[in-house]
Amino acid sequence: MRNPFDWDYLTAPLWQMPTWGPLSITYVVVFSLGFLTCLWIYNDPRRLIRKRDPLLADFLQRIAGWGLIVFGVGLFFFLFRLGRISAFDLYKRIWLYLSALLVLVWTAYAAHLLIRVYPPLARQRAEELRRKQYAMTPKRAARRATSAASPRKSR
């Protein structure tokens, strides 16, 4: 195998490159599994995540929405290579490498949201729920107060 980061390797013409190899098989498996996982999380069948933690479900849905775009773009570029379509040079390996780089950026974004942004909001929501739980709410309406200034009428 040649150097995978060589410019001639990344921009090789369609007739000089094989479609399947160890990197392309790994690419298809990772991107297909990533797309299907993001699709499952985004749709949340049977509301498994939303029942447990609605705030986490919102965060995961946002992350999965971006993941669908990222993995979909990567699979789109691979379809040009698989179909051996030479329109606009979208079959070249450089697009696959850029898609893989985009997945790394998306992973860093997801990690940032789940590690830095979500925990403070979850703590804040838990505190609000705790405050509401212990708040004194009247069970029934208060009784009328009788004032000494207005005496009762006797019958």
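## Helix 4 and what follows it

Just after helix 4, Arg84 takes a positive phi of about 55°. Helices here are DSSP runs (H or I, at least four residues), numbered from the N terminus. This is a predicted model, where local features need pLDDT of at least 70, side-chain atom pairs count only at pLDDT 80 or more, and totals for chains, interfaces and linings use all residues. Residues are numbered from 1 along each chain as its sequence is written, and side-chain values use heavy atoms, with hydrogens and water left out.

How far apart are the end C-alpha atoms of helix 4? They are 40 Å apart, which agrees with the 42 Å that its 29 residues should span at 1.5 Å a residue. The expected span is 1.5 Å times one less than the number of residues.

## Aromatic rings

A pair of aromatic rings is described by the distance of the centres and the angle of the planes. Rings of Phe, Tyr and Trp (its six-membered ring) pair if their centres lie within 6.5 Å; planes under 30 degrees apart count as stacked, over 60 as edge-to-face and the rest as tilted. The whole structure holds 8 aromatic pairs. In one of them, Tyr27 and Phe78 have ring centres 6.0 Å apart and planes at 35°, so the pair is tilted. Because Tyr27 lies in helix 2 and Phe78 in helix 4, this pair ties together parts that are 51 residues apart in sequence. Tyr27 is buried, at 9% relative accessible area, and Phe78 is buried at 4% (buried means under 20%, exposed over 50%, partly exposed in between, with a 1.4 Å probe and protein chains only).

Now look at Phe76 and Phe80: their ring centres are 5.0 Å apart and their planes at 80°, so the pair is edge-to-face. Both lie in helix 4, 4 residues apart, about one turn of the helix. Phe76 is partly exposed at 42%, whereas Phe80 is buried at 14%. Elsewhere, ring pairs link Tyr27, Phe31, Phe71, Phe78 and Trp106 into a cluster.

## An enclosed space

How many cavities of 30 Å³ or more are there? The count is 1, and the largest cavity has a volume of about 40 Å³. A cavity is a set of points on a 1 Å grid over the protein atoms alone where a 1.4 Å probe fits but cannot get out; lining residues have an atom within 4 Å of a point. Grid points are joined across faces, edges and corners, and the volume is the space filled by probe spheres set on the points.

Among the lining residues are Ile41, Tyr42 and Leu60. Helix 4 gives the most to this lining, with 3 residues.

Technical notes
1 Å grid on protein atoms, 1.4 Å probe; cavity = no way out; pocket = protein on both sides within 12 Å on 5 of 7 lines; lining within 4 Å. Helix = DSSP H or I, 4+ residues; strand = E, 2+ residues; numbered from the N terminus.
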